Amino acid sequence: MARRSSRNETALTHIDAKGDARMVDVSAKAATERTAVAEGRVVMSKATLAMIVSGNAKKGDVLSTARVAGIMAAKRTHELIPLCHPLALSKVTLDITPDKKLPGCVVRATVKVTGPTGVEMEALTAVSVACLTIYDMIKAVERGVRIEGIHLVEKMGGKSGHYRAAH
């Protein structure tokens, strides 16, 4: 059953009693299977989307490059986000779907690990970097591209259980 966090449920885990930032000690936590799904959108003109889909971007295959960049970013999240633990990820998938209605691309990352801490940050980092890579590869054609709505869609496993975003 999915549940939502309440404000009073827990204190900030990355802040100690003195208010200093700290890495959470996860050594006593059981290694369990944990999965996180994150999503975001890259909104652009119909013409730019058509260029991506047709494979005619001057810098190369936009979607494949963004997919690889997102996977690489998930694996290096602990190097980018100061208090994240390095994790031996067992699965990272990045799905990028062109959407004519946006127009743009919907980017979705699924990250899985068996370990003592979750992979929400890895999924969010994967989506963020994939979106940034799409922007980088098309910015010469369209500078007004927007990256929107990066959020955690779902998280499974661990002590806090199952979470699914309301929307």
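In the predicted model, helix α2 (residues 62–75) packs against helix α4 (residues 120–138) at an angle of about 145°, the two axes lying 7 Å apart; axes here are lines fitted to C-alpha atoms, for helices over the stretch in contact, and angles run from 0 to 180 degrees between N-to-C directions. Helices (H or I, at least four residues) and strands (E, at least two) are DSSP runs, numbered from the N terminus. The crossing of α2 and α4 is right-handed, a term applied if the near helix is turned clockwise from the far one by less than a right angle. On the α2 side the contact, defined as heavy atoms within 4.5 Å, is made by Val62, Thr65, Ala66, Ala69, Gly70, Ala73 and Ala74, and on the α4 side by Glu122, Thr125, Ala126, Val129, Ala130, Thr133, Ile134, Met137 and Ile138. These residues divide into 11 nonpolar, 4 polar and 1 charged, where Ala, Val, Leu, Ile, Met, Phe, Trp, Tyr, Cys and Pro count as nonpolar, Asp, Glu, Lys and Arg as charged, and the others, Gly among them, as polar.

The model is predicted, and local features need pLDDT of at least 70, side-chain atom pairs count only at pLDDT 80 or more, and totals for chains, interfaces and linings use all residues. Residues are numbered from 1 along each chain as its sequence is written, and side-chain values use heavy atoms, with hydrogens and water left out.

The protein contains 4 helices and 5 strands, arranged from the N terminus on as β-α-α-α-β-β-α-β-β. The strands form an open sheet in the order β2-β3-β1-β4-β5, with antiparallel pairing; two strands pair if DSSP finds at least two bridges between them. Because β2 (91–99) and β5 (163–164) stand at the edges, each with a single partner strand, one side of each is left without a neighbour in the sheet. Strand β1 is joined to β4 by 8 bridges, the two running antiparallel, and within this pair valine 42 stands opposite isoleucine 147 in β4. Strand β4 (residues 146–156) is in turn joined to β5 by 2 bridges, again antiparallel: lysine 155 stands opposite tyrosine 163 in β5, while glutamate 154 has arginine 164 as its bridge partner. The hairpin of β4 and β5 has 6 residues between the strands, and in this hairpin glycine 157 takes a positive phi near 95°.

Helix α2 lies across β2 and β3 (104–115), running at about 145° to β2. Helix α4 packs on the sheet and touches β1 (32–43), β2, β3 and β4, its direction making about 25° with that of β1.

Alanine 38 lies in strand β1 and counts as buried because its relative accessibility is 0%, the limits being under 20% relative accessible area for buried, over 50% for exposed, and partly exposed in between (1.4 Å probe, protein chains only). Leaving aside neighbours within four places in sequence, alanine 38 is in contact with Val107, Arg108, Ala109, Ala123, Leu124, Val127, His151, Leu152 and Val153. Alanine 38 and alanine 123 are 85 residues apart in sequence, yet 5.4 Å apart in space, C-alpha to C-alpha.

For the protein as a whole, buried residues make up 38% of the 167 residues. Among contacts between residues at least 6 apart in sequence, 71% join residues at least 24 apart. The C-alpha trace spans about 50 × 30 × 30 Å along its principal axes.
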